[in-house]
Amino acid sequence: MDYTQFERAERYREYFLAMRPVFNKKAVFSDMTGDYVIPPEPEPFSRVKIRFRAARNNVDFVFLHHNEHRHLMHFVEGDEQFDYFEIEVPLEDKKFEYYFVIKIGKLTCYYDRRGVVKEVQDYYFFRLIPGQKVPDWAKGAVMYQIYVDRFYNGDASNDVLDHEYDYIGEHVNYVTDWYKYPAAMGVREFYGGDLQGVLDKMDYLQELGIDVIYFNPLFVSPSNHKYDIQDYDYIDPHIGCIVDDEGEVLAEGDHENRHATRYINRVANKKNLEASNALFARLVEEAHKRGMRVILDGVFNHCGSFNKWMDRERVYEDFEGYPKGAYVAGDSPYRNYFEFFSEDQWPYNPTYDGWWGHNTLPKLNYEGSQELYNYVLQIGKKWVSPPYNADGWRLDVAADLGHSPEMNHRFWKDFHAAVKEANPNAIVLAEHYGSPKDWLEGGEWDTVMNYDAFMEPVTWFLTGMQKHSDEYRADQLGNADSFWGAMQHHLGNFTNPAIYIAMNELSNHDHSRFLTRTNKKVGRVNTLGSEAAGWDINKAVMREAVLIQMTWPGAPTIYYGDEAGVCGFTDPDNRRTYPWGREDHELIEYHKQMIRIHKENSEFLTGSIKKELADYNIISYARFNRREGSIILINNNNHDVTITLSVWDMGCPREGRLRRLMLTDCDGFTTEPEYYSVRAGKTEIALKATAGIILKYDNETEGELAGIREKGT
C-alpha cells in the first residue's frame, strides 16, 4: 500500500508514541531556587530565565502560564535522565506569578508548588517579587539564640542585687545557685549572665559552628527577659558595664522604686550606659572577626512601665538630664507616645493603654506621634550602623504593632527601608504566627521565625506534642501525611528568599524545650513540677529532630543549651541556665557534626527539596542542586525497618553508590562513611528504631554527574 508523506509521518508519530514510556510524574520538577530561576533574586524591569525539568524524551510541550497567557518553553539541554526546558520573561516592578502546563499526547496536566496536579490553585502559584533580596550570609546560616541572663556570668560586678528594686509588687533577687530551676514567677530572679559571659564563650560558639548569634533583648529593662524595654538607646548595664555604682537598695517593705537609688544610678547614669554600649560594640566586633553575625531583638509594639518615656516607676523623675515621663506630667514631651483615656488625672496618670491590657506594657501610639514613629526608625538604624554594626533585627510580635493594619504595614515598610539604608546586609525577621505573606511580599519583613512550616510539623510528627507541651495527640504522632500537608501548605506563604533564611527552631524562650517534648508528658511546672521535664526523655528522637533541622530549607536555629541536653516546660522553665560543667557532651558532639554536615554541603544551604516518601512514622526527602544532592530518611518507629528508595529523581546516577554522612538511631550516632549501592535508580536502606540517615552522591568515587547534552545534540 502506498502512503502519502503526511500519512507516513502520522504512522511514525503513532509508533513513536506507543514506544514512549508513560508520563513520568516523578521526574518533573521546578522550583524557585537558582537552578530553576536565573537569577533567583531578579531586579524590577529585568529579564529572568525560568526552567522546568522532565524525564528525557517524555513530554511533548511545556508551557509557562502567567496572567492568563501561556508561553511555550524551549528545550535547552539535557543529560542521561532529564530534559530541561526554559523561557526568558520580562519582569515589571510587581509580583510575577506562574505555573506550568505539560502536554503529553492528548494528556494535559499542571505543575504548581504542590507538584503535578489536575487543577491549579492560585495559593500555590510560583511567585517572584522583583527586587526582593536577602544577604548571602543569612542563607542557611546556623543561628544560636542566647537568653543572656541564663547563658554565662562573666562579670560579677554587674549582677542584680537582692532588693535592688521592686518589680511587679516584689523585690528582685539574685540567684546564687546557677543550677536552680527558675521560679514560677521567675521574671524577678537573676542568675547573672551577661555580655562578658558571651565574650568568654566565643570559642565554644565558634567550635560549635555558629554563624549568627540572636540575642533576646539587651536594652535597659527591669526583667530578666527584657521584653519590657526601659531605654532603647542603651544596653542594660546589668548585662553590660557598671562603672559608677553609688546608691542604696530598697529597704524591706519599701516598694517605691523612686527610692531605689542604687538601681536608678545603675540604669540612668550615662557613664554606665555608654560603657555598656561600648561593650556591645566590642562583642559585635569580636563576633565579626570570627565570621559570626549578631541579630538584636526589637520590641516595638510596646515598651515597659519603667520606660523613660512613661516613667510610671518614677525612676527618671528626679534624675538630671531626663525630661518628665508621660505618666508623671501631662506636658511631658512624650505625652503623645501613648494613648491616655483620661485627661484630668495628672500628675501620675495611670489611664494609659496597655498592650493586651497589661499596665506593665504601655502600648506605643504610632498613630498619635510622628516623633515616636521617626524615633523608632532611628533606633532601627542606630544599632545596625557604626559603631555597633549589628546585622539585623528580630521583631517581637510584629503583626501587633499599631492600632490598624494600615499603620502596621506602613511602619514595617518604612522600618525595613530604614534598616536597609543604614546597612544593606542587615536582615529583618519577624516573630509571627499565621501567614506572613502580606509582609513578605510587601517589602516589610525578610522572613519569620518559622513556627508553621517547621517547628510545629516537626514536633507533631516526632513527638505528637503541642509546642507548649499542653496537648498530646496520638493522631499526629508519626502522621507523615499531616507533616507533608502542613509543610507544603505553609511554605506556600513564603517567597524563596524568605525560605532560605527562615528561622527554623526546635525550641525557644516561649515554648517547652524540644527534648522535654520527647517524653510526651502534658503539663507545665505548676502541674507536674520542674523535675518531670527531664523524665523519660528520648535523645534519639531529639537527634532525629536535629537531623531534620540541619537538612531542611532555612536557617537552623539552636536555642542555647538545647545542644547540651537542657530540658524545661514552657516559660519560665524553658529559660534554665546553660549547664556549664554538666553538659551532655555526646549531644554537643552530635550538634557539631550535624552543623558541619549542614555547612559543607551546598544543597542544604540553597538547594531544592523534594518529597520522596510518606508512611506511618517514616518520611524521606531529597535536597539537591545540579551539582550534588543528598537523601534523608527518618524512621520514627520503635522498631527496625528496611526501605527501598528511589534516588534517581534528585539527579543521582541510576547506577552507582551513595556515601553515608550521618546515621543516628536508638543506639547512638556515627559519621563513619558507609556506601549504599544504587541499582536502577534505587537503593535499599535498613534502619534501626528511632533513626535518621543522610546519604549523598559519592562524588569522590563516581566523579561528576553525567555530562550535559547541549541543545541540538
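Contact here means heavy atoms within 4.5 Å. All views show a predicted model.

View 1. Helix H4 spans residues 261–268 and is mostly covered, with seven of its eight residues buried. The buried residues are Arg262, Tyr263, Ile264, Asn265, Arg266, Val267 and Ala268. Strand E17 (219–220) and helix H5 (270–289) are among the elements that cover them.

**View 2. The salt bridge between Asp245 and Arg266.** The closest N and O atoms of Asp245 and Arg266 are 2.8 Å apart. Asp245 lies in the loop between strand E18 (231–235) and H4, while Arg266 belongs to helix H4, so the pair ties together parts that are 21 residues apart in sequence. Arg266 is buried, with a relative accessible area of 1%, whereas Asp245 is partly exposed at 30%.

**View 3. The salt bridge between Asp35 and Arg627.** The side chains of Asp35 and Arg627 meet at 4.0 Å, N to O. Asp35 is found in the loop between helix H1 (5–19) and strand E1 (37–38), and Arg627 in the loop between strand E26 (618–624) and strand E27 (629–635); the pair therefore ties together parts that are 592 residues apart in sequence. Asp35 is buried, its relative accessible area being 16%.

**View 4. Asp452, a buried residue without a salt bridge.** Asp452 is part of helix H9 (residues 451–463). The nearest side chain of opposite charge, Lys467, is 6.2 Å away. Instead, the side chain of Asp452 reaches the backbone nitrogen of Gly434 at 3.0 Å. Beyond residues up to four places away in sequence, Asp452 touches Tyr433, Gly434, Pro457, Ala486 and His490.

Terms used. Residues are numbered from 1 along each chain as its sequence is written. This is a predicted model: local features need pLDDT of at least 70, side-chain atom pairs count only at pLDDT 80 or more; totals for chains, interfaces and linings use all residues. Side-chain values use heavy atoms; hydrogens and water are left out. Helices (H or I, at least four residues) and strands (E, at least two) are DSSP runs, numbered from the N terminus. Buried means under 20% relative accessible area, exposed over 50%, partly exposed in between (1.4 Å probe, protein chains only). Lys and Arg count as positive and Asp and Glu as negative; His and the chain ends are not counted. A polar contact is a pair of N or O atoms within 3.5 Å; within protein, one must be able to donate a hydrogen and the other to accept it, and residues adjacent in sequence count only if both atoms are side-chain atoms.
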